[in-house]
Amino acid sequence: MNEADAEIYDVVIIGGGPAGASAAIYTARADLRTLVIDKGLTAGALGITSKISNYPGVPGTVSGAELVGIMRQQAESFGATFTTERVVGVDINANPRVVMGGTRTFQTRAIILATGSMGRTSTVPGEEKLLGRGVSYCATCDGAFFRNRPVAVVGGNDEALEETLFLSKFASHITLIVPTPEMKAQPHVRDEVIAHPAIDVRTGTRLKAVEGDKQVTGVRVQSRESKEDEVIPVEGVFVFLQGARPITDYLMGQLETTDDGCLKVDRQMQTSVPGIFAVGDLLCSHIKQAVIAASDGVIAAIAADRYIHGRKQIKTDWS
Ligand SMILES: Cc1cc2nc3c(=O)[nH]c(=O)nc-3n(C[C@H](O)[C@H](O)[C@H](O)COP(=O)(O)OP(=O)(O)OC[C@H]3O[C@@H](n4cnc5c(N)ncnc54)[C@H](O)[C@@H]3O)c2cc1C
C-alpha cells in the first residue's frame, strides 16, 4: 500500500498550516522542489479557527481555513505541491531522507516540521494497553485489518470523517463518536458520512474507555445530554481527537525534545540534525499566533535553501 514517489524533493514540509504554508511560499519561490504534506485543512489550529481578524495585511474577518487556503494558493502559484496524507514516520538519517505517509513514501534532501500542537494531552483507560490490539490512530495504515468487522471512530473534524469514509471500504459497521454537538468538517465530507448506510453518527458523545483484555471488545461512551454510559461492541477503535501538545509522534524519538514535548531549534529554526527544521506551534518558546508561525516558516525556508546549496550567507529576494 505504501507506494514510493519517484521524485526526490529538495524540501518536504510536514504540515500545511501558517508555518508550513509560509515556508512553502519561500522555498518554492527560491526554486526548490517543494512538497507539503498535510493531513487535512481543518486539522490544525488555524484551520479550526472560525474567525481571524489580527493577521497583518488581511483586514476584516476571515475564517482560519480561508486564510490557510490563501497561503497555500500563493505557495502553489510559485510551484509548491500539496498532498493530503497523514505522515506516520520519517527517517532523518537516510540519504536522501524518507518521509512515510499512510499510503505513499517520499524522498527529500531537507525537511521542515510544521505539525503544530494539536496533539492529545491524555489518553482514556484501556487505550494504551490495547494500542496495536484494536486501537489505532491511522485508518489508512490499519483499516484493512478490520475487513467485515465492526469498528468505532472517535473525532469530528475532516481528518476523522475522511478516515471514517476510508474505513467504510472494509468495516462491516462504523460508529462515529463525535465529542462536540456537531461535526466540524467540510459540508461535502459531512454529507457523505451522514448518507452512508454503514455509518452511525453519535454527536455530543464522549469516549470514556476502551474495553477489552487482550483485544478491543468495545468502547465505553457517555452522552453529554443524558450523562448515561453505554458500551458499544466493536473490534477496532480509531482515535482522532485533538488537544494542546506538540505533534511529534511520527518522529519516534529521533529528535531531542523538552519535557513539554517541544522540539529544540537554533535561531535558524534548525534542530540538532542539519537539514531538519522545526517551526510554528511545535516550538515551546513560541507565541501561539498565526503571524509568528508564518515568520518561523520563512526563517526555516531561507535556512533550508542555504543548507541545500551549501551557502553560508542568507540570500533573500531583495539582496
Ligand atoms: C481556537 C483557536 C483560535 C486562535 N485564534 C487566533 C487568532 O485569532 N489569531 C492568531 O494569530 N492566531 C490564533 N490562534 C493560534 C494559531 O492558530 C496558531 O498559532 C497557528 O495556527 C500555528 O500554526 P502552525 O502552522 O504551527 O500549526 P497549525 O495551524 O496547527 O497547523 C499544523 C498543520 O499540520 C498538520 N498535521 C499535523 N500532524 C500531521 C501529520 N502527522 N501529518 C500531516 N499533517 C499533519 C495539520 O493538519 C495542520 O494543517 C488560534 C488558535 C486556536 C486553537
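Biologist: Is Asn148 buried or exposed, and why?
Modeller: Asn148 counts as exposed, because it has 9 C-beta neighbours inside 10 Å. The cut-offs are 20 or more other C-beta atoms within 10 Å for buried, 12 or fewer for exposed, and partly exposed in between, with C-beta atoms placed from the backbone.

Biologist: Before we go on, what should I know about the model and the numbering?
Modeller: It's a predicted model, where local features need pLDDT of at least 70, side-chain atom pairs count only at pLDDT 80 or more, and totals for chains, interfaces and linings use all residues. Residues are numbered from 1 along each chain as its sequence is written.

Biologist: OK, back to Asn148. Where is Asn148 found?
Modeller: In the loop between α3 (139-142) and β8. Helices here are DSSP runs of H or I with at least four residues, strands are runs of E with at least two, and both are numbered from the N terminus. Asn148 also has a positive phi of about 60°, although it is not a glycine.

Biologist: Which other non-glycine has a positive phi?
Modeller: Asp31, with a phi of about 65°. Asp31 is in the loop between α1 and β2, and it counts as exposed because it has 11 C-beta neighbours inside 10 Å.

Biologist: And what joins Asn95 and Pro96?
Modeller: A cis peptide bond, with omega about -5°. Pro96 lies in the loop between β4 (87-91) and β5 (97-101).

Biologist: Now Pro150. Where does Pro150 sit, and what is Pro150 in contact with?
Modeller: Pro150 is in strand β8 (residues 150-154). Leaving aside neighbours within four places in sequence, Pro150 is in contact with Ala171, Ser172, His173, Pro233, Val234 and Glu235. Contact means C-beta atoms, placed from the backbone, within 7 Å. Pro150 counts as partly exposed, because it has 18 C-beta neighbours inside 10 Å.

Biologist: How is the chain split into domains?
Modeller: The domain assignment gives domain 1 (3-119 + 244-309) and domain 2 (135-239). Their centres, taken over C-alpha atoms, are 28 Å apart. 10 residues of domain 1 are in contact with 9 residues of domain 2.

Biologist: What about cores? Which residues have the most contacts inside the largest nonpolar core?
Modeller: Val12, Ala23, Ile112, Phe277, Val279 and Ala300, in a core of 58 residues. Such a core is a set of buried Ala, Val, Leu, Ile, Met, Phe, Trp, Tyr and Cys residues joined through C-beta atoms within 7 Å. α6 gives the most to this core, with 10 residues. Apart from this core lies another, of 32 residues, including Leu130 and Val216.

Biologist: Why does the length of α6 agree with what it should span?
Modeller: At 1.5 Å a residue, the 20 residues of α6 should span 28 Å, and its end C-alpha atoms are 29 Å apart, so the two agree. The expected span is 1.5 Å times one less than the number of residues. After α6 comes Gly310, with a positive phi near 60°.

Biologist: Last one: how many residues surround the ligand?
Modeller: 35, and among the closest are Gly15, Gly44 and Gly280.

Definitions and conventions. Contact = placed C-beta atoms within 7 Å. Near = placed C-beta within 6 Å. Domains from an automatic or database assignment.
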